[in-house]
Amino acid sequence: MSATTLTPTSPKAAAVDKPVSWKVPVTLSVVAVAALVVFGSMAPGASATFGISTDRDLLQLPALTVSGVAGGWVCALAMLALAGYSVYLARAAAKLPAWVPIVFGALFVVGFLIWVVAGARTTSISLAGLIAGSVTLAVPLVFGSLSGVLCERAGVVNIAIEGQLLGGAFTAAVLSTVTGSVYVGLLGAAVAGALVSLILAIFSIKYVVNQIIVGVVLNVLISGLTGYLFSTVLTRDPEHFNAPGRLPIIEIPFLSAIPIIGPILFRQSVVGYLMYIAVAAVWFGLFKTKWGLRVRAVGEHPQAADTVGIKVNRIRFWNVILGGAIAGVGGSFFTLVAVDSFTKDISGGRGFIALAALIFGRWNPIGAFLAALLFGFADNLQSLLTIIGTPVPSQFMAMLPYAVTIFAVAGLVGRSRPPAADGIPYVKG
Amino acid sequence: MPENLNTEPAAEQTAADTATDTALATADGRIPPSPVPVASQGGDLGHDGGGSLLRQIFTGNSLVAFLSVVLAIVLGGVLIAVTDEKVGAAATYFFARPSDTLSAIWTAASGAYVALFQGSIFNPNAQTFEGMIYPITETLTVATPLICAGLGVALAFRAGLFNIGAQGQIIIGATFAGWVGFTWHPPVGLHLALVIVGGLLGGAVWGGVVGLLKARTGAHEVIVTIMLNYIAQFLLLFLLTTPAFQRPGNTNPISPLLDQSALYPLVMGEQFRLHWGFLVAVAATVFVWWLLNRSTVGFEFRAVGANPSAARTAGINVSKGYILVMAIAGALAGLAGVAQVAGTEKVLSGGVAATFGFDAITVALLGRSSPWGTFWAGLLFGAFRAGGTAMQADTGTPIDIVLVVQSLIVLFIAAPPLVRAVFGLNPRKKKTKKAAVAAAEGAGAA
């Protein structure tokens with residue numbers, strides 16, 4: 001099948017023919033103008049106060065107070081300037097540097113924060129708390145999206161992240177209680193996630209069942225299974241099955257007292273530290289090792305990989321298992337860190353936000369990590385905004401990750417392209 | 001089982017063929033892969049034979065479907081028995097008196113399934129005739145939204161689109177229909193018609209957006225539909241806090257009751273919840289059958305689903321097909337929303353769609369994406385759901401077991417070699433893939 005069978009209406013072909021896309025400049029301009037109207041001309045009269053230090057920090061920094069009007073105008077005008085720059089580049093047929101949308105997004109977040117806090121009933125929030133909370137909420141998302149990265153880079157679509165998280169959460173709770181050790185529970189969570197992945201791998205690789213079907217059905221299966229066991233065994237005898245205790249928070253002396261950075265980097269549970277290690281390890285593994293090169297080859301062009309002697313399905317199998325184990329560890333966050341017991345469907349759809357983070361992060365571990373942080377931030381901000389009483393309905397904040405993802409896959413904020421062989425089973429011959 | 005031996009190579013060949021087709025159809029990955037399930041591409045384009053039941057039974061697929069259900073129910077029974085308290089107690093002295101354990105296992109599993117049956121089909125213990133047949137009417141009531149939404153998922157499958165978004169489409173459909181139902185007050189007859197149109201329109205918009213994004217930007221419909229489900233849910237929750245939707249004088253996110261004139265009439269009188277929505281679901285099944293098998297549009301859908309590149313070469317407007325099929329699929333899911341809001345629930349609330357949209361996916365998969373297959377699968381899962389509620393009340397077996405059994409059924413049906421291996425029907429043990437390729441080559445030579 002040659003490229004000539006593609007008509008110009010095909011998006012991929014269009015991208016090749018026309019090097020400059022107007023989608024991003026137009027989107028940025030529209031958002032900038034909207035920001036000018038909302039953050040600038042409709043700015044609240046009050047000032048927003050952001051607390052930076054907490055009382056546990058070594059260094060006490062004064063709180064940051066920003067006038068709603070000035071802050072709004074500055075952010076909106078800066079966004080407009082960036083949008084103008086992108087239009088200029090598009091006219092000159094030059095490629096837009098990657099930092100432009102990122103800085104634009106950051107300005108939007110800052111402008112929005114100033115606008116929303118200055119307009120609230122309580123015009124003061126703790127920035128340190130907001131950021132630390134965001135990282136905490138992002139932990140399961142990061143693990144989930146890393147699982148997705150490992151599977152999909154090898155060409156297996158992983159819709160079952162939700163099931164892997166849930167299986168990990170359940171097993172962590174039960175094993176910790178039964179053995180009395182939270183670390184055994186943590187290990188068990190990884191095994192449980194890997195077992196969920198095993199089903200995905202057997203059905204999608206050995207039996208060549210459509211990967212999306214297996215993923216969707218696995219989520220239902222794990223939800224039903226854990227829900228059933230919870231309603232029977234766990235509720236019957238919670239003391240012996242559902243009282244895992246918590247993973248201790250490990251503080252690194254001095255470093256954990258640095259304002260803002262301290263709590264997020266050096267005041268975490270084992271799961272939190274594992275998250276940073278896992279992101280770095282997956283990134284290094286995928287992009288700096290022979291193994292990673294093989295995985296990516298299998299995900300992009302399995303025939304070619306097979307031709308040079310790479311065992312396509314074996315690589316896929318083990319990647320899916322590894323991904324499941326990582327997601328399982330993320331699942332233990334729910335029952336060993338966030339709260340100390342399992343409840344039905346405790347993962348609450350975060351597996352799908354992890355999937356969104358994976359796509360928004362463009363199938364890259366670092367990108368997925370940053371996207372997960374952003375979604376964790378949105379999640380945390382949503383609950384914070386309800387507390388300080390803003391006019392913005394919390395439901396819209398809750399929608400944000402999903403809406404942003406649709407924009408990402410639709411190419412409005414840069415194209416998000418999956419590995420070429422993602423979702424296609426490989427049958428030799 | 002001679003008929004099984006005969007049909008087996010055909011089934012295997014299909015799997016290998018479709019895998020090759022998928023690889024070819026994506027032009028080495030330059031075109032986004034068609035996510036059409038291998039199962040739904042399974043060579044049965046064109047005949048959905050509701051009338052040829054006998055032939056279906058004697059083909060391998062139906063045998064596998066039946067065995068899958070049996071296997072899933074057995075595994076569910078094992079789960080019930082293992083977690084049962086009495087079984088656990090009897091197992092402590094298993095070696096002294098194994099019969100106790102075995103009888104406890106049988107009591108636990110069979111008790112749950114008997115309760116499931118009595119809650120979904122027929123209850124012989126009831127005092128009155130109405131009480132006896134009440135379960136089956138409940139099954140039909142619960143099956144109504146499952147069938148409608150399942151048809152939406154199945155139709156999109158056939159056009160090569162994986163519609164995970166039935167949940168969101170039901171929600172938006174129900175939102176439109178509900179709003180028409182409690183805000184406007186047109187005369188009787190017209191009101192219900194407007195409610196139905198509202199539901200169809202809401203679902204069509206929510207589904208059509210997916211088709212539009214897919215056609216214009218290449219955005220993968222699986223991702224878009226998953227995200228739209230959540231957006232729909234939060235949108236509904238937000239709307240239920242606004243004056244236009246919230247019941248006056250109530251702080252809970254719940255709408256006013258729909259007008260009596262906006263509701264589906266009841267089919268069998270006040271004692272039963274069964275409403276005309278079920279008949280609408282039957283009509284929708286007939287419509288989808290007609291659309292897929294007797295209309296030009298349906299032919300184009302199937303062509304797009306089988307091979308988008310070939311369809312494009314043949315002059316079919318693939319983009320239009322994607323948009324249209326998703327709009328119709330959304331409208332069908334919207335019909336499920338109408339059944340909920342104007343039939344069963346009579347009010348719009350955050351949980352109006354329950355999990356029907358997700359169950360609809362399994363319904364469509366079990367029905368192998370054919371209209372009548374989806375219909376029967378919808379009835380089966382409706383029975384599970386209705387019976388599950390009764391089972392939970394009677395024997396204390398949590399309704400979650402139904403989810404386990406349903407998902408196992410779909411998993412097994414999707415992997416026929418596994419089921420055949422479990423029942424010892426696979427003459428060629430091991431190396432199924434090589435066998436599949438060999439079978440394909442053999443069939444090609446023949």
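This report covers cores, a helix, aromatic pairs, charges over rings and loop residues in a predicted model.

## Nonpolar cores

The largest nonpolar core has 217 residues. Those with the most contacts inside it are I159(A), F342(A) and L355(A), together with L155(B), I226(B), L348(B) and I409(B).

What does L348(B) touch, leaving aside neighbours within four places in sequence? Its contacts include A174(B), T175(B) and F182(B). L236(B), L240(B) and F245(B) are also among them, as are I254(B), S255(B) and V341(B).

## Helix α9 of chain B

Helix α9 of chain B runs over residues 221–239. It has 19 residues and reaches 26 Å from its first C-alpha to its last. That is close to the 27 Å expected at 1.5 Å a residue. Of the 19 residues of α9(B), 14 are buried, so the helix is largely enclosed by the rest of the structure.

## Aromatic pairs

Over all chains, the count comes to 26 aromatic pairs. In the pair F108(A) and F112(A), the ring centres are 6.5 Å apart and the planes meet at 10°, so the pair is stacked. Both residues lie in helix α4 (residues 99–118) of chain A, four residues apart, about one turn of the helix. An α-helix has 3.6 residues a turn, so residues three or four places apart point the same way. F108(A) is partly exposed, at 32% relative accessible area. F112(A) is buried, at 16%. F39(A), F108(A), F112(A) and W115(A) form one aromatic cluster.

W372(B) and F375(B) form an edge-to-face pair, 5.3 Å centre to centre, with 70° between the planes. These two sit three residues apart in helix α15 (residues 371–395) of chain B, so about one helical turn separates them. W372(B) is partly exposed, with a relative accessible area of 22%. F375(B) is buried, at 6%.

## Charges over rings

In chain B, the charged end of K214(B) sits over the ring of Y322(B), 5.5 Å from its centre. R385(B) lies over the face of F356(B), at 4.6 Å from the ring centre.

## Positive phi in loops

V208(A) is not a glycine, yet its phi is positive, near 50°. The residue lies in the loop between α7 (182–206) and α8 (211–236) of chain A. V208(A) counts as buried because its relative accessibility is 12%, under 20%.

D345(A), also not a glycine, has a positive phi of about 50°. Its place is in the loop between α14 (312–338) and α15 (350–360) of chain A. At 40% relative accessibility, D345(A) is partly exposed.

Conventions:
Residues are numbered from 1 along each chain as its sequence is written. Chains are lettered from A and ligands numbered from 1 in the order in which they are written. This is a predicted model: local features need pLDDT of at least 70, side-chain atom pairs count only at pLDDT 80 or more; totals for chains, interfaces and linings use all residues. Side-chain values use heavy atoms; hydrogens and water are left out. Buried means under 20% relative accessible area, exposed over 50%, partly exposed in between (1.4 Å probe, protein chains only). The expected span of a helix is 1.5 Å times one less than its number of residues. A nonpolar core is a set of buried Ala, Val, Leu, Ile, Met, Phe, Trp, Tyr and Cys residues joined through side-chain atoms within 4.5 Å. Contact means heavy atoms within 4.5 Å. Rings of Phe, Tyr and Trp (its six-membered ring) pair if their centres lie within 6.5 Å; planes under 30 degrees apart count as stacked, over 60 as edge-to-face and the rest as tilted. A charge sits over a ring if NZ of Lys or CZ of Arg is within 6 Å of the ring centre and within 35 degrees of the ring normal.
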